[in-house]
Amino acid sequence: MFSSPSIWILEDDQALCSLLSSRFDALGWSSTSFHRPRSLEDELATGTPSLLLLDEMLPDRRGVDLLSGLRLQGHRFPVVMLSALQSPEDRIAGLEAGADDYLGKPFSFRELQLRIERLLAIETGALDARVPPPAHECFRLGAVHFDGLRAQLTAVDGTVTRLSRGDAALLQALVRRPGEVVGRQTLARISGSLVDVSQSRSIDVRLSRLRRLLEDLLQQGDAIEAIRGQGYRLQAPVEAAEPLVNT
C-alpha cells in the first residue's frame, strides 16, 4: 500500500521494540527504535519519520510532554501514542498534546497496522474513495490564507503554519460550508478517523486545536463554533483565493 514507510519507535521496552520491528520488517516497512527521548531528538536533527510510535510512560519524560515540544518545534509527522493509561482523561491529554491517534496497551498488532496505514494514507493523500483527500482549493479566512493541498495557513506577515493532512481535511470541510453546521460523523469520515466518534472526543479535541490556532492568527474569538449535539460551524469570513507562490 505504501512505498517503504519509515516508522520510528520511542519505547523503553526493548522486547516490544524488537517484536514491532520484526513485524514491520515482514510488511516491508523500515523501522528505527529509540529507548530515550534524547536519542530521538538527536536523530530529528538530520531526518524525520513517516510516522512515530510514542510510548507515554518513558523513564525520564512523559510522552505527552515530549510530543508537545515536538509540535511547538514544527514537527508535523503523524504520531500514534501507545500507553497502558487508558482513561478518557489520559486519551484526551495525548490528543491535546498533538497525537493523531492513541492506542492502549496491550494491543492487537493488526489494529496497530490498520491505524498506521490510515494515518499514512491521510498524510500522503492516498486515501480511497470513501475518504477523499482535500482538493487543491485555496481560501482566505479573514486575513489568513488557507491552502488545502499544501495543508498550511499563511498569516498576513507571511508566517506559515503547517497542518497535518487530517486537520487540513477537517478545516477544508468547514470552509466549503461557511456558516453551516457540519456533523461530527461527517467530519470523522472526511478526516479519516478510525475512532468511533460516539465513544471518543478525538474530533472535538482536533477541532478545539484548530479553533485556537485560527483565533490566534485572526485575533478574534469564535472562529469555529461548536453546536451542542450537532457538529461544528465556521464563523470566520470565507472567500475563494488563488494559491500563494513561494510558500
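Me: Before anything else, what counts as a helix here?
Reply: A helix is a DSSP run of H or I with at least four residues, and helices are numbered from the N terminus. The model is a predicted one.

Me: OK. What follows α4?
Reply: Glycine 98 comes after α4, and its phi is positive, near 120°.

Me: Which residues of α4 are buried?
Reply: Ile92, Gly94, Leu95 and Ala97 are the buried residues of α4. They pack against α3, β4, β5 and α8.

Me: Let's take β4 then. How many of its residues are buried?
Reply: Five of the five residues of β4, which spans residues 79–83, are buried, so the strand is largely enclosed by the rest of the structure.

Me: Which residues sit on which side?
Reply: Val79, Met81 and Ser83 are on one side of β4, with Val80 and Leu82 on the other. Both faces are covered. As a rule, side chains in a regular strand alternate between the two faces of the sheet.

Me: What are the bridges between β3 and β4 like, parallel or antiparallel?
Reply: β3 (residues 51–55) and β4 run parallel and are joined by four bridges. Leucine 54 stands opposite methionine 81 of β4.

Me: And what about β4 with β5?
Reply: That pairing is in the parallel sense too, over four bridges between β4 and β5 (residues 101–104). Leucine 82 has leucine 103 in β5 as its bridge partner. From β4 the chain crosses through α4 (residues 88–97) to β5, in a right-handed β-α-β crossover.

Me: Which elements make the β-α-β unit with β3?
Reply: β3, α3 (residues 63–72) and β4 make that unit, and it is right-handed.

Me: Glutamate 56 next. Where is it found, and is it buried or exposed?
Reply: Glutamate 56 is in the loop between β3 and α3. It is buried, because its relative accessible area is 3% and the cut-off for buried is under 20%.

Me: What is it in contact with?
Reply: Apart from neighbours within four places in sequence, glutamate 56 contacts Arg61, Arg62, Gly63, Val64, Met81, Leu82, Ser83 and Leu85.

Me: Changing topic: which peptide bond is cis?
Reply: The bond from lysine 105 to proline 106 is cis, with omega near -5°. Proline 106 is in the loop between β5 and α5.

Me: What is the phi of alanine 151?
Reply: Alanine 151 is not a glycine, yet its phi is positive, about 55°. It lies in the loop between β7 and β8, and is buried with a relative accessible area of 1%.

Me: How do β7 and β8 pair?
Reply: They run antiparallel, joined by three bridges. Phenylalanine 146 has leucine 153 in β8 as its bridge partner.

Me: What is the strand order in the five-stranded sheet?
Reply: The order is β9-β8-β7-β6-β13 in an open sheet with antiparallel pairing. β9 and β13 stand at the edges with a single partner strand each, so one side of each lacks a neighbour in the sheet. The twist averages 25° from one strand to the next.

Me: What does α8 lie across?
Reply: α8 lies across β6, β7, β8 and β9, at about 20° to β8.

Me: And how does α6 cross α8?
Reply: The axes of α6 (residues 165–175) and α8 (residues 202–218) come within 11 Å and cross at roughly 75°. That makes α6 roughly perpendicular to α8.

Me: Which residues meet there?
Reply: Gly166, Asp167, Leu170, Leu171 and Leu174 of α6 meet Ile203, Arg206, Leu207, Arg209, Leu210 and Leu214 of α8. Seven of these contact residues are nonpolar, one is polar and three are charged.

Terms used
Residues are numbered from 1 along each chain as its sequence is written. This is a predicted model: local features need pLDDT of at least 70, side-chain atom pairs count only at pLDDT 80 or more; totals for chains, interfaces and linings use all residues. Side-chain values use heavy atoms; hydrogens and water are left out. Axes are lines fitted to C-alpha atoms, for helices over the stretch in contact, and angles run from 0 to 180 degrees between N-to-C directions. Helices (H or I, at least four residues) and strands (E, at least two) are DSSP runs, numbered from the N terminus. Angles under 35 degrees count as roughly parallel, over 145 as roughly antiparallel, 65 to 115 as roughly perpendicular and the rest as oblique. Contact means heavy atoms within 4.5 Å. Ala, Val, Leu, Ile, Met, Phe, Trp, Tyr, Cys and Pro count as nonpolar, Asp, Glu, Lys and Arg as charged, and the others, Gly among them, as polar. Buried means under 20% relative accessible area, exposed over 50%, partly exposed in between (1.4 Å probe, protein chains only). Two strands pair if DSSP finds at least two bridges between them. A crossover is right-handed if, with the strands pointing away from the viewer, the path from the first strand over the helix to the second runs clockwise.
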